[in-house]
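Work through the exercises below with the model open. Each task is followed by a stepwise solution.

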Amino acid sequence: MFYDTHKLFTIGQFAKLHEINKKTLMWYDEIGILKPAVVKENGYRYYSFHQSSLLETILMLRELNVSIPEIQDFLKNRSASSLETLLADKVRELDDTISHLKALRAIMNETRWNMSALRNLDLSEVSIVEKPETHYLVTVPISQGIPFEQEIERVVAEAKKYQLKRLHDASYGSILPVEDLYCGHYHNYSALYMELPFPTHRKGLHIQPKGTYLRAFCKGSWDKLPGRYMEILTYAKENRLQFYGFAYEKGINELVIDTFDDYITQIEIPIKA
């Protein structure tokens, strides 16, 4: 199709062509990043066909949250090299945003599942479930004598290493070795853990294996957990279940409770085949 590249567009026509408000073009003229090709004696502004690519570049940069001063600097030195550098920085920022949104989506889906499960949850029930995927957990070893507040600070510091924008971009819990469970040492937690919402196989991560798990719940403060573990061990003995590895605990309803008496801990323990 043939286009008349010498045609001039009124400000209204040019704005409509690019699906923006003509006040935006007036502002771009005012700050000097896109001036009309022609301004007639009556003050009417006209734009040329050749200015379309420049306007689209500006609109793209604005969509990438490039600031007006950055665009002004780019236009003063407009070249393939300067645009490449500018876009490379913005693509990195965009990738970070996409990763954050994916993480947020994963956490939202898990929270939705938890809220759905809570509506019909039988806290006395013990169930056998299949976990089809291996999970990689970031762990912070628990040291005897260190206050719980300091342990949480260490988890927060670890979270920052993975560039999480908010603490709730991940899920958190604690790990209790099964050998201590069998010995009745219900307070000998080995680590706090952070489960990232995106896959990562960095060295040094704790591997939570896929497979068959016993799942149970405990309502109330953490001092009720030892009693629940006793019930779990009785159930396992009666059903000839043998545990291995670690018991994994995490809270599933902290977003919707006012007191710790309503706190629900989910417990999952891997079962030997």
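Buried means under 20% relative accessible area, exposed over 50%, and partly exposed in between, with a 1.4 Å probe and protein chains only. The model is predicted: local features need pLDDT of at least 70, side-chain atom pairs count only at pLDDT 80 or more, and totals for chains, interfaces and linings use all residues. Residues are numbered from 1 along each chain as its sequence is written, and side-chain values use heavy atoms, with hydrogens and water left out.

**Exercise 1.** Find how Tyr186 and Tyr229 pair, and what the pair ties together.

Step 1. Apply the ring criterion: rings of Phe, Tyr and Trp (its six-membered ring) pair if their centres lie within 6.5 Å; planes under 30 degrees apart count as stacked, over 60 as edge-to-face and the rest as tilted. The whole structure holds ten aromatic pairs.

Step 2. Tyr186 and Tyr229 are one of them, with 6.2 Å between centres and 0° between planes, a stacked pair.

Step 3. Place the residues. Helices (H or I, at least four residues) and strands (E, at least two) are DSSP runs, numbered from the N terminus. Tyr186 lies in the loop between helix H7 (178-182) and strand E7 (191-195), and Tyr229 in helix H8 (residues 225-238), so the pair ties together parts 43 residues apart in sequence.

Step 4. Check burial. Tyr186 is buried at 12% relative accessible area. Tyr229 is buried at 0%.

**Exercise 2.** Classify the pair of Tyr193 and Tyr248.

Step 1. The centres are 6.3 Å apart and the planes 75°, which makes the pair edge-to-face.

Step 2. Tyr193 sits in strand E7 and Tyr248 in strand E10 (residues 246-251), 55 residues away.

**Exercise 3.** Which charged end sits over the ring of Phe9?

Step 1. Lys7 is the residue; its charged end is 5.5 Å from the ring centre of Phe9.

Step 2. Phe9 also belongs to an aromatic cluster with Phe14 and Tyr47.

Step 3. Elsewhere, the charged end of Lys131 sits over the ring of Tyr213, 5.7 Å from its centre.

Definitions and conventions: Lys NZ or Arg CZ within 6 Å of the ring centre and 35° of its normal.
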